[in-house]
Amino acid sequence: MKQTYLAGAAALVFAVMPLSGVQADATDGQIAQIIDEGLSHSQAMANASQLMDGIGPRLTNSENFDKAAAWALAKFEAYGLTNVHKESYPFGVNWNLDSWNATMIAPRMKVMTSQPVAWTPATEGTVSAPVILAPMAKEADFERWRGKLKGKIVMVNLPGEASQSSRPMFTRFDAKDLSGKDEFTLPSDNLEPYKGFVKRVDFELKLSRFLKAEGALAIVRKSYRENGLVTGEGYNIDPANRLALPFMELSSEDYRRLARLEVAGTPPVIQLNIATHENPQDTTADYLVADIQGSDPKAGYVMAGGHFDSWIAADGATDDGVPSVVVIEAARIIKSLGVKPKRTIRFALWSGEEQGLLGSIAYIEKHLATRPVDTNAYGVARFAEWTTRFPITKGPDYDRMKAYFNLDNGAGKIRGIYAEDNVAAAPMLKKWLAPFASMGATAVVMSRTGGTDHQYMQAVGLPGFQFIQDPLDYGSRVHHSSIDTLDHAPSDDVRQAATILAAMLWQAANSDAELPRPPLPTEPSKSNPFKVTIPDDD
């Protein structure tokens, strides 16, 4: 059933009446206005269509990202924000995808569902060759295929079997789901949780070089998704370490068909065509910043953000275009109040998130804190080692930044917020979220969540938080995939999320009390305090 919200300022008074045991704030009147503006006068879905339908995917440091950035900066300016600008940081290859196709031409004609891997080299026209199934997952596998790959298009994954999932494609959280997230995350001795990811990216580069040296013409991999979905995820952005061969991803169904034919002794012949263009002089990326200026220059600022970049297989709607639009809409809602907040409210649209939180890390290093990271580390390698380097040195805005709220879990409605193990902050977060219980946003859970742009703010002892959102079909089929379009963003959910984000920011910006900060991380003891050996009794 489609959920509807009560509109009209008179009715909205009930939405902000203090709950039992909750003290009313001076901001309650503005919360009523925020709710009315966000639910009755929303511009979020119109803006979302302009961005996703009109501009489309926004790969970091691509021409389309630049086009989308100009659109977003113009929106911020039109809504009356100040300090609207871009900030640049070193990134990598400027790469733009023009066109592509993949067709099986023998033993029969079949156009295949395909997606070039991001930052792949282009083909020189159409490449046509038989395939060879040569699965390789580590360098030790290379020797088995030496001398067998010349003139072939190499299928580098095992075909596996189609998965038969019994889980529903579309879900919303219930009370049990939300309560299950309320668990303190114990400290871990694993400071490098992404080391395996870095090794996979490095192996892909080595694989492409081996195949080129063996005379192969192109690489084909299987999509990790079923049901005709492809992603095209790629991470080799270093201009000095490019993939050595054209690299195409096929749907799992098309890939398995080729594999069955090859194993049966009739290697199919396929054609690949990938057309791209690049700007070798452009190796920097940008993130976007805009402010609603506060009335007290000594009060610091609060922030909201989401990552503006996306992958290329679709329009990047739920990851993370719609949440980025929600950030823009929250800015519009707050400006509509016509009242200055006490603290400045800063809005950020990141880039490079999909390649390792690179934009938000660049902002942290410029404004908030630095760590002695290897300057030669690139892309995901830099991202993976960032939390392992000590000491942390506070930057110029470290003490001024009072809270950061991130939105990057799809386009579902907000159901609560992760307190990120910050026990002291939970009571204030619960108080600020309380007016929205009737909209389904009730949960302040203790657990951490990672893999997005609040993560490394937490890693330098700053109060960064991620919202809990209904999953819908985000994880089951949409995330990074070729159907990540605006069809998967329910308009009521988007309006609700923008309204709650605006209200949380408004309260954080005007609260007399500041959100408590987590401790500044320090280097763990070399004796590894997380693992204790208990001697046997004699």
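First stop: F184, in the loop between α6 (175-179) and α7 (195-213); helices (H or I, at least four residues) and strands (E, at least two) are DSSP runs, numbered from the N terminus. This is a predicted model, where local features need pLDDT of at least 70 and side-chain atom pairs count only at pLDDT 80 or more, while totals for chains, interfaces and linings use all residues. Residues are numbered from 1 along each chain as its sequence is written, and side-chain values use heavy atoms, leaving out hydrogens and water.

F184 is partly exposed, at 41% relative accessible area (buried is under 20%, exposed over 50%, partly exposed in between, with a 1.4 Å probe and protein chains only).

Next, select R221 and E249. They form a salt bridge, with the closest N and O atoms 2.8 Å apart (a side-chain nitrogen of Lys or Arg within 4 Å of a carboxyl oxygen of Asp or Glu). R221 sits in strand β7 (residues 218-222) and E249 in strand β8 (residues 247-250), so the pair ties together parts 28 residues apart in sequence. Both R221 and E249 are buried.

Now go to R256 and E226, another salt bridge at 2.8 Å, N to O. R256 is in helix α8 (residues 252-263) and E226 in the loop between β7 and β8, 30 residues apart. R256 is buried at 7% relative accessibility, and E226 is buried at 17%.

Move on to helix α9 (residues 317-336), where R332 and E329 lie three residues apart, about one turn of the helix. Their salt bridge has its closest N and O atoms 2.9 Å apart.

Last stop: G461, in the loop between α13 (455-458) and β18 (464-469). G461 is buried, with a relative accessible area of 1%.
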